[in-house]
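Let's take a friendly walk through this structure together. Have the sequence and the model side by side as you read.

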Amino acid sequence: MNLNKKIVLVTGASRGIGRATAIAFAKEGCSVIINFKSDSVAGQEVWEECNRHSKGNLLIQADVSKADDVSSMFKKIKDQYSQLDILVNNAGIFDESDNPTNIEAFENIYRNNFLSCVMLTKSALLLMKEGKIVNVSSVHGRLGHGSPKSIAYSAFKAALESYTKNLAKDVAPKILVNAVAPGRVATPMWGNLSEKEQKELGQAHLIKRMIQPEEIADSIVFLAKNDAICGEVLTIDGGMGLVTLG
Ligand SMILES: NC(=O)c1ccc[n+]([C@@H]2O[C@H](COP(=O)([O-])OP(=O)(O)OC[C@H]3O[C@@H](n4cnc5c(N)ncnc54)[C@H](OP(=O)(O)O)[C@@H]3O)[C@@H](O)[C@H]2O)c1
């Protein structure tokens, strides 16, 4: 798929992987819809950066864990563009209170990291004639486990990978659905990491460094361009999965 002038929605694009992905699509000539939840200053900054590379970019505040917010965001998208070519389900959270028996944390992570993607997909399919959906999973979802502090996180990322494959079967060949499964990416999700902390966290990878958000963005753009990959989960974990299994 030639990405020039394609219309792309990137959720959670005010920082981290979403920010890098929005900018990467703008560099391909896409009109990028930059979604964020709370940080309007950071969202505006991404919108301005995208405008340096492409035209027709739009900044939309919406909490994608809420059905009403998703509906109103898609109303704006329909009014402005009438169609959508690419959806990147990137927005997600890491909940510090995640543990094997915390029902509230399970519900929170379910809504933010899984149900949000289903609601977004439902609305996106109504505007997509042909296109691509890329879901952002995690190596925790890929392996099916992480740690007891990421039990709901791992479970719902694994669910997202299952959803990716089954949805791919349902909507191909018009729409190709894939996912990426990153290892440890240096983003604000980890808090404000010092250089020393980044180095230590990177030791979990065979590449002995954290992954940069732009490296994940590149893989998302690659999946959006490619017309032969369908129902795949692309692991970009610096070899972390091999370390865990080794
Ligand atoms: N960082 C990693 O090591 C890593 C590894 C594997 C997978 N991932 C996955 O990659 C994705 C992005 O992670 P990241 O590290 O870039 O995270 P991040 O730095 O914490 O950024 C999260 C982004 O998502 C937005 N967001 C959060 N909840 C939202 C909601 N309900 N509605 C709309 N936007 C929402 C935030 O918006 P505001 O700031 O405006 O609130 C922010 O733009 C997530 O799905 C995460 O699970 C990350």
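In this predicted model, the aromatic rings make 5 pairs. One of them joins Tyr110 and Phe156 in a tilted arrangement, with 5.5 Å from centre to centre and 55 degrees between the planes. This pair links distant parts of the chain, since Tyr110 sits in helix H4 (residues 103-127) and Phe156 in helix H6 (residues 151-171), 46 residues apart. Tyr110 has a relative accessible area of 31%, so it counts as partly exposed. Phe156, at 16%, is buried because the cut-off for that word is under 20%. Both rings belong to one aromatic cluster, together with Phe106, Phe114 and Tyr163.

Helix H4 also leads us to the strands: E4, H4 and E5 build a right-handed β-α-β unit. Strand E4 (residues 86-89) is covered on both faces, with Ile86 and Val88 buried on one side and Leu87 and Asn89 buried on the other.

Leaving aside residues up to four places away in sequence, Ser31 touches Lys6, Ile7, Val8, Lys55, Gly56, Asn57 and Tyr81. Is Ser31 buried or exposed? Its relative accessible area is 11%, so Ser31 is buried.

Key:
Residues are numbered from 1 along each chain as its sequence is written. This is a predicted model: local features need pLDDT of at least 70, side-chain atom pairs count only at pLDDT 80 or more; totals for chains, interfaces and linings use all residues. Side-chain values use heavy atoms; hydrogens and water are left out. Buried means under 20% relative accessible area, exposed over 50%, partly exposed in between (1.4 Å probe, protein chains only). Contact means heavy atoms within 4.5 Å. Rings of Phe, Tyr and Trp (its six-membered ring) pair if their centres lie within 6.5 Å; planes under 30 degrees apart count as stacked, over 60 as edge-to-face and the rest as tilted. Helices (H or I, at least four residues) and strands (E, at least two) are DSSP runs, numbered from the N terminus. A crossover is right-handed if, with the strands pointing away from the viewer, the path from the first strand over the helix to the second runs clockwise.
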